[in-house]
Amino acid sequence: MADGFWEGFDFPSLDGDDNPVQEDVTRTIDDTPDISTIETNLVKRAMVVFFVVDTSGSMHGDRIGAVNDAVRTLIPELKKREASNTNAQIKIALLMFNAEATWATLEPQPVSTYNYSDINQVGGATNYGNAFDELNKKLSRSAFLKSAAGAYTPLIIFMTDGKPTDVGYYKDSLNQLKHNAWFNYATKAAIAIGKDAIDDPWVKQALTDFTANEKMVLAAKNTNILTKQIELVTLTGVDFVTQQGSLQNASASQTPDNRTSFGSNYNGAQQPSAANNYGDPEPVYNPGTAPGGNVGAAPGGAAPGGAAPGGAGQSGVDVTAGANPSIPGLDDIDWENDFKF
């Protein structure tokens with residue numbers, strides 16, 4: 001090419017400086033930041049763990065101490081699970097019941113910042129009904145399941161060392177609670193604490209009624225077993241719900257329509273009403289909803305692709321399909337011999 005060909009072309013300086021300083025050219029590239037220092041804007045779906053703890057007089061001493069030890073041990077483990085899960089924000093809700101029922105957490109506490117305070121006050125009767133009433137009030141998207149990104153179906157762990165003293169009333173409260181679809185699709189476990197509770201047919205029947213799944217009723221013969229059961233049920237339950245918790249819905253090819261939220265007046269095989277007492281719309285069950293999607297997640301987002309339009313009370317739909325799931329493997333554990341205490 002002839003000399004002078006490029007003359008007349010005006011190229012901007014690639015340096016931005018006709019006389020670059022040497023140190024600017026050879027400046028060291030910063031190290032790649034550690035992934036733990038990078039803040040993301042991901043909005044996580046809430047995963048609420050409900051601990052429902054008997055604080056009647058018979059729970060004093062080692063029994064309530066074992067509950068405290070277990071929950072304290074769980075918190076750092078749950079923090080690790082949340083840190084490794086890009087989809088779930090784990091929260092804790094603690095309900096204490098004796099003659100009355102009282103929330104130790106006025107709202108679900110994010111496990112990342114939760115400081116557990118030991119339960120020290122025990123005494124009084126063992127009224128299951130009050131605990132069931134409180135659960136029914138809070139299992140709602142206008143209450144403890146409120147989340148901008150929606151909520152997974154909850155994990156509920158009920159612990160008691162005695163039969164219900166409100167024998168004539170608790171069943172009414174439980175029946176009302178069973179009208180709550182969040183409760184029906186929740187993963188539920190119950191622990192009978194001590195020989196008296198384990199051998200009492202009233203306790204076994206009440207806890208089986210609560211879980212609607214005999215496999216999810218556990219027997220804690222001593223405080224070591226109680227601590228291990230609380231820890232293992234919580235950790236495996238959180239994993240189950242956030243990773244595969246509603247596969248039972250998909251396997252039945254019937255999942256709740258994602259365009260609505262669970263409500264509090266779930267009516268079994270009857271047609272659901274338009275709303276419930278706590279402000280949530282009733283779930284709309286859609287036989288055309290494709291399996292899969294956000295596994296373990298409760299309704300609240302867009303309907304999955306291919307879903308047929310749904311309506312309340314669709315005929316031919318088993319609205320209880322996939323309810324009362326069981327955590328795999330719990331019934332295979334020999335609690336007395338499989339662990340070293």
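Let me start with Asn180, which in this predicted model sits in the loop that joins helix 4, residues 170-177, to helix 5, residues 181-185. Is Asn180 buried or exposed? Its relative accessible area is 0%, and because buried means under 20%, Asn180 counts as buried. As for a partner, the side chain of Asn180 makes a polar contact, at 3.2 Å, with the side chain of Asn136.

Let me step back to the whole chain for a moment. There are 9 helices and 9 strands, and of the 341 residues 45% count as buried. If you take the contacts between residues at least 6 apart in sequence, 78% of them join residues at least 24 apart.

Now to a pair of helices. Helix 3, which covers residues 128-138, packs with helix 7, residues 201-211, at an angle of about 5°, and their axes are 13 Å apart. Helix 3 is therefore roughly parallel to helix 7, since angles under 35 degrees are counted that way. Which residues of the two helices meet? From helix 3 they are Tyr128, Phe132 and Leu135, and from helix 7 they are Val203, Ala206, Leu207 and Phe210. Sorted by type, the residues of this contact are 7 nonpolar, with no polar and no charged ones.

Within the helix, the buried residues are Val203, Ala206, Leu207, Thr208, Asp209, Phe210 and Thr211. After helix 7 comes Ala212, whose phi is positive, near 55°.

In soluble globular proteins, nonpolar side chains tend to be buried together. Here the largest nonpolar core has 42 residues, and the members that touch the most others are Phe51, Val67, Met159, Ile191 and Ile230. Several elements give two or more residues to this core, among them strand 1 (45-54), helix 2 (62-83), strand 5 (155-160), strand 6 (187-193) and helix 8 (223-244). A second, separate core of 32 residues includes Ala101, Ala131, Val203 and Leu207, and you will remember Val203 and Leu207 from the meeting of helix 7 with helix 3.

To finish, what is Ile191 in contact with, once we leave aside its neighbours within four places in sequence? The list includes Ile157, Phe158, Met159, Leu207, Leu218, Leu226 and Ile230, and also Thr160 and Gln229.

Conventions
Residues are numbered from 1 along each chain as its sequence is written. This is a predicted model: local features need pLDDT of at least 70, side-chain atom pairs count only at pLDDT 80 or more; totals for chains, interfaces and linings use all residues. Side-chain values use heavy atoms; hydrogens and water are left out. Axes are lines fitted to C-alpha atoms, for helices over the stretch in contact, and angles run from 0 to 180 degrees between N-to-C directions. Helices (H or I, at least four residues) and strands (E, at least two) are DSSP runs, numbered from the N terminus. Angles under 35 degrees count as roughly parallel, over 145 as roughly antiparallel, 65 to 115 as roughly perpendicular and the rest as oblique. Contact means heavy atoms within 4.5 Å. Ala, Val, Leu, Ile, Met, Phe, Trp, Tyr, Cys and Pro count as nonpolar, Asp, Glu, Lys and Arg as charged, and the others, Gly among them, as polar. A nonpolar core is a set of buried Ala, Val, Leu, Ile, Met, Phe, Trp, Tyr and Cys residues joined through side-chain atoms within 4.5 Å. Buried means under 20% relative accessible area, exposed over 50%, partly exposed in between (1.4 Å probe, protein chains only). A polar contact is a pair of N or O atoms within 3.5 Å; within protein, one must be able to donate a hydrogen and the other to accept it, and residues adjacent in sequence count only if both atoms are side-chain atoms.
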